[in-house]
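Biologist: I'd like to learn how to read pockets in a model. Can you take me through it?

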Amino acid sequence: TYNRAMGASVLAIAGGTRPNGNSELLLDHAIAGATEAGARVEKVRLLDRQIAPCICPQSEDCLPTGTCTIVDDMQDLYHRLRSADVVFLAFPVIFRGVPAQTKAMFDRTQALWVTKYKLGRAVRQSSETGKGLVIATADRDDPDEFDGAMQATRSWLVSFDFKEELRLLFKALVRQHDVNLHPTYLKQSFEAGRVLVADQESALR
């Protein structure tokens, strides 16, 4: 949540399939921009987290209370998602969708969806709608490649009272460090992180 002395809180999620891949490098530049704008940034790499598949609705696990009973690293992410002012999410598109570890996080956010839509309770510590930055990469040069992933990501953000404010889509990035051949992409990510945090801080003051 916003602290005037410490700046806006940013949760930066690397949802890629390999450490330091193209999407994560772009995320790191967005983080640098956010830091320059005065934000407090926490970075989470989903590859380093244990997130089990969602067991709802078959078990109706979270439906009565909005609480997920699976004990793993998602419990920590629930707290971080609830308390952040801004969320950055970066991932490569896989079969026109999000990677498996990112989808697992999306599915486990069912508990927050239940809290909001079924139980009618607040899901965020702040009463303000949070802001989201989405960074996605694809190996194909096809404008339709991102459609499925973007629909899923928007639904995920809305489930815990966030809105997609900025979106950066980068095509034709095949090898691990191809993004380094495109300094304008890295600059765009830096500026997106900086501008989004600056706008959020102005709104919260």
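Biologist: How much space lies in the second largest pocket?

Modeller: A pocket is an open set of points on a 1 Å grid over the protein atoms alone, with protein on both sides within 12 Å along at least five of seven lines. Its volume is the space filled by 1.4 Å probe spheres set on those points. Here that's about 160 Å³. Mind you, this is a predicted model: local features need pLDDT of at least 70, side-chain atom pairs 80 or more, while lining totals use all residues. Numbering starts from 1 along each chain, and side-chain values use heavy atoms, without hydrogens or water.

Biologist: Which residues line the second largest pocket?

Modeller: Lining residues have an atom within 4 Å of a point. Here they include Lys103, Phe106, Trp113 and Trp156. Helices H3 (100-108), H4 (110-118) and H5 (147-159) each give two or more, with H5 giving the largest share, 4 residues. (Helices are DSSP runs of H or I, at least four residues; strands are E, at least two.)

Biologist: How does the lining of the second largest pocket divide?

Modeller: Into 4 nonpolar, 4 polar and 2 charged residues. Asp, Glu, Lys and Arg count as charged, and Gly as polar.

Biologist: Which residues of H3 are buried?

Modeller: Buried means under 20% relative accessible area. In H3 that's Gln101, Thr102, Ala104, Met105, Phe106 and Arg108. H3's buried residues pack (heavy atoms within 4.5 Å) against S1, H2, S3, H4 and H5.

Terms used:
Buried < 20%, exposed > 50% of the residue type's maximum accessible area, 1.4 Å probe, protein only.
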